[in-house]
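Subject: Structure handover

Hello,

Here is the structure we talked about. Please open it alongside this message, then read the notes below.

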Amino acid sequence: MNKNIKINKFKVLFKNKKNSFMPFFTLGDPSFDSSWELIKSAIDAGADCLELGIPFSDPIADGPVNQRSMVRALSAGMDFESCLDLIKKIRDYAPSCPIGLLLYYNVIYHRGLEQAVLDLSQAGVDAIVCGDLPIQEGENFDRCCERVGIAPVYILAPNTPDLRALEIMRRSNQAYTYVLSGLGVTGVKDRVAPETISRVQHLRLLDPSAHMIVGFGISKPEQVKAIWAAGADGAVVGSYFSNLIEKNLGDLNKAQNLIKKFIEDLG
């Protein structure tokens with residue numbers, strides 16, 4: 001028996017819970033220790049799973065808020081090794097919490113694909129989204145991930161045709177499909193657009209068995225609940241939390257408390 005075969009923690013989560021909340025944090029923002037405390041507090045407040053970003057100098061899918069978050073982490077000295085250390089610390093603290101990574105392909109290409117995914121698997125990662133890797137270029141990535149028990153995850157855009165959407169959902173079926181709430185980069189939006197709701201509903205009809213997590217632009221508890229009501233399995237909030245960190249660098253306890261309150265308000 002292949003010792004790397006394991007039941008993905010996201011599969012377990014979605015089997016047991018209908019509406020999941022996934023906060024995003026850049027690893028090491030604004031420092032290793034502060035990042036750990038912020039992530040720990042989100043887990044304690046009831047986050048169902050985590051999306052963690054490995055800081056990168058050219059994050060093309062991210063808007064200004066998350067770009068600055070990554071600059072802070074890089075300026076604090078975060079690199080691949082220190083990100084692994086922080087992931088291991090999180091995994092030790094929360095053994096059953098599903099951990100997804102959002103990163104850019106250059107990060108793992110630079111380390112070597114096979115070595116990178118092995119290191120990430122051993123650190124406790126369950127799924128990886130490469131923000132700049134399309135499915136037609138991802139077959140080797142898929143094979144390497146699945147060999148070490150990590151689920152490859154692909155991004156589904158608002159203008160993705162149905163046939164391609166079905167292929168993306170099939171390729172992401174070991175964990176979840178990352179559904180964009182709108183065109184463009186990460187950032188805070190005031191509301192969930194009606195077309196986002198109808199898009200999620202359409203995708204749910206297209207593949208009733210797919211697990212979908214919606215991200216980009218979600219910044220309020222009521223927006224999270226609207227995404228859930230539309231039929232998504234989960235919702236991501238990232239830039240809003242990065243913004244709270246940025247605005248409270250002199251008092252991170254305030255940022256920590258606001259993040260906890262946001263999660264607790266989801267019920």
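The side chains of Ser242 and Asn66 make a polar contact at 2.8 Å. (A polar contact is a pair of N or O atoms within 3.5 Å; within protein, one must be able to donate a hydrogen and the other to accept it, and residues adjacent in sequence count only if both atoms are side-chain atoms.)

Before going on: this is a predicted model, where local features need pLDDT of at least 70 and side-chain atom pairs count only at pLDDT 80 or more, while totals for chains, interfaces and linings use all residues. Residues are numbered from 1 along each chain as its sequence is written, and side-chain values use heavy atoms, with hydrogens and water left out.

Ser242 sits in helix α11, residues 239-247. (Helices are DSSP runs of H or I with at least four residues, strands are runs of E with at least two, and both are numbered from the N terminus.) Ser242 counts as buried because its relative accessibility is 2%. (Buried means under 20% relative accessible area, exposed over 50%, partly exposed in between, with a 1.4 Å probe and protein chains only.) Setting aside residues up to four places away in sequence, Ser242 touches Val65, Asn66, Ser69 and Arg72. (Contact means heavy atoms within 4.5 Å.)

Two or more lining residues come from each of β1 (20-26), α2 and α11.

**Helix α4**

Helix α4 covers residues 80-93. The end C-alpha atoms are 20 Å apart, which agrees. At the start of α4, a side-chain oxygen of Asp79 comes within 3.2 Å of the backbone nitrogen of Glu81. Buried residues in α4 include Phe80, Leu84 and Ile87. Among the elements covering the buried residues of α4 are α1 (9-16), β2 (50-53) and α6 (113-123).

**Ile263**

Ile263 lies in helix α12, residues 252-265. Ile263 counts as buried, at 5% relative accessibility. Asp44 is 219 residues away along the chain, yet the two C-alpha atoms are separated by 9.7 Å.

Best wishes

How values were computed: The expected span of a helix is 1.5 Å times one less than its number of residues.
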